[in-house]
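Colleague: I am new to this structure. Please take me through a single chain at close range, from its overall make-up down to its side-chain pairs.

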Amino acid sequence: MDEVDDDEHGTATLTLEADGTAVIAVEGEIDLSSGDTVSAAIIHAVDCNCTRLVFDMSEVRFMDSSGFSALLESRTPPAPVLLRKPSHAVRRLIETTGLGDVMQIEP
Amino acid sequence: MTAMRRFANVTTSVRLARRFVAEQLTDFDDVTAESVILMVSELATNSIRHAASEFSITVTSTRQHLHVEVTDYGSGTPVARSALPSDTTGRGLQIIAELADDWGVHSKRSGTKTVWFTVRLTRAGETDTATSAAVTKPKQTRSNPRSSYDTMNLRYGNLAAFNDRRRSFVG
C-alpha cells in the first residue's frame, strides 16, 4: 500500500471567540478517514457551552459527502450549519447536493 | 487508455483512490477532474463503509469519454435516494446521479458488484466534439434513482453516544 502523507490529512481546530462563538477551522481533505476529526471537534465545542458554532471552511481543499455528514451531525434542525469563508471545493459540494438552505454562510 | 488499481479495505484508501484517479486526469479540464474525483471518493467510501470490502478502480478514457468502474465484493444493489435536507447521510449516489452523464450498477455471480459512471470530456484547450457514434454504451442496467437505499444504512458507531448532547446544542 502507498503511504498517505500526514500533511494531507484533514484537521479540525477549535477556537473560542470572546462573544461565545466556537469556531472550528477545518483544513485539508475531509472524507471518510478524517470526518471523525471534525466530529471530535464538534463534541469539544458542545462541552464548551458556547452560544453558537461556526465552521471556518476557507482551507478545505477537498470534501465529500462523508465530510458533510460530520457537519450535519452538529445541527439542531431547523437551525442551519454556519460556514465561514467556504472554499471552492465546499461551495461546489453545496451546489451539487442542493444543501444551500442547510449549509449557510455566516451572516 | 485503461488503468486499474486495487485498494485495501481501510478508510485511507479513499484518499489514495482520489490520487490514483487524479493521475489519470492530468490533461482534462478542472471542472471535469473535480467532478470525477468527488464521484470516485463517494464510490470508494461506499465500498468501505457499506460493502466493508477491498475494491478496485478501472479508469478508461477515450477522446470523448471517461468511464470509471469501482468494483467491490459487497452484496446488495446500491441505488441513489433523494436525501432530505434533514438527513445527515445518503448523498453519495445522489452526487453520482447529479454529476455523471450516465451511471449504473451491475453484479456478477462471482460475488462482485460494480458501480460505474461515464462523463463526456472536454480536454484542456479543446472544444467538446463528442459524437455518440464513437461510443459503445455499457450494457449494464441503469439504477432507479427513486428507489431507497435501505440495505445500506450508515452507522455512526462510537459517535452515537454523543448524539443526545449534540442535539441539545443551540446552533
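Modeller: Of the 171 residues in chain B, 49% are buried. The model is predicted. The accessible surface of chain B comes to about 8700 Å². Carbon and sulfur atoms hold 49% of that surface.

Now the fold. Chain B has four helices and five strands. Read along the sequence, their order is β-α-α-β-β-α-β-β-α. Take the contacts in chain B with a separation of 6 or more: 64% of them join residues 24 or more positions apart.

Next, the interior. In soluble globular proteins, nonpolar side chains tend to be buried together. Here the largest nonpolar core has 66 residues. Those with the most contacts inside this core come from both chains: F55(A) and L71(A), along with V36(B), I57(B) and F117(B). Helix α2 of chain B, residues 30-49, gives the largest share of the core, with nine residues.

Now the rings. A search of the whole structure finds two aromatic pairs over all chains. F7(B) and F20(B) make an edge-to-face pair. Their ring centres are 6.0 Å apart, and the angle between the planes is 65°. The planes have to be over 60 degrees apart for that label. F7(B) lies in strand β1 of chain B, residues 2-7, and F20(B) lies in helix α1, residues 13-23. The two residues are 13 apart, and the pair links distant parts of the chain. Both F7(B) and F20(B) are buried.

F7(B) also pairs with F55(B), and this pair is stacked. The centres are 5.1 Å apart, with 20° between the planes. F7(B) is in strand β1 of chain B and F55(B) in strand β2, residues 55-61, so the pair ties together parts that are 48 residues apart in sequence. F55(B) is buried, as is F7(B). Together, the ring pairs link F7(B), F20(B) and F55(B) into a cluster.

Charged side chains come next. Over all chains, the search of the whole structure finds twelve salt bridges. In one of them, E54(B) meets R6(B), at 2.4 Å from N to O. E54(B) is in the loop between α2 and β2 of chain B, while R6(B) is in strand β1, 48 residues apart. How exposed are the two ends? E54(B) has a relative accessible area of 34%, so it counts as partly exposed. R6(B) is partly exposed because its relative accessibility is 48%.

Another salt bridge joins K113(B) and D72(B). Their closest N and O atoms are 3.0 Å apart. K113(B) lies in strand β5 of chain B, residues 113-120, and D72(B) in strand β3, residues 65-72. They are 41 residues apart, and the pair links distant parts of the chain. Both K113(B) and D72(B) are buried.

Finally, look across to chain A. Salt bridges that share partners join R15(B), R18(B) and R19(B) with E29(A), D31(A) and R61(A) in one network.

Key
Residues are numbered from 1 along each chain as its sequence is written. Chains are lettered from A and ligands numbered from 1 in the order in which they are written. This is a predicted model: local features need pLDDT of at least 70, side-chain atom pairs count only at pLDDT 80 or more; totals for chains, interfaces and linings use all residues. Side-chain values use heavy atoms; hydrogens and water are left out. A nonpolar core is a set of buried Ala, Val, Leu, Ile, Met, Phe, Trp, Tyr and Cys residues joined through side-chain atoms within 4.5 Å. Buried means under 20% relative accessible area, exposed over 50%, partly exposed in between (1.4 Å probe, protein chains only). Rings of Phe, Tyr and Trp (its six-membered ring) pair if their centres lie within 6.5 Å; planes under 30 degrees apart count as stacked, over 60 as edge-to-face and the rest as tilted. Contact means heavy atoms within 4.5 Å. Accessible areas come from the Shrake-Rupley method with a 1.4 Å probe; for residues, only the protein chains shown count as cover. A salt bridge is a side-chain nitrogen of Lys or Arg within 4 Å of a carboxyl oxygen of Asp or Glu.
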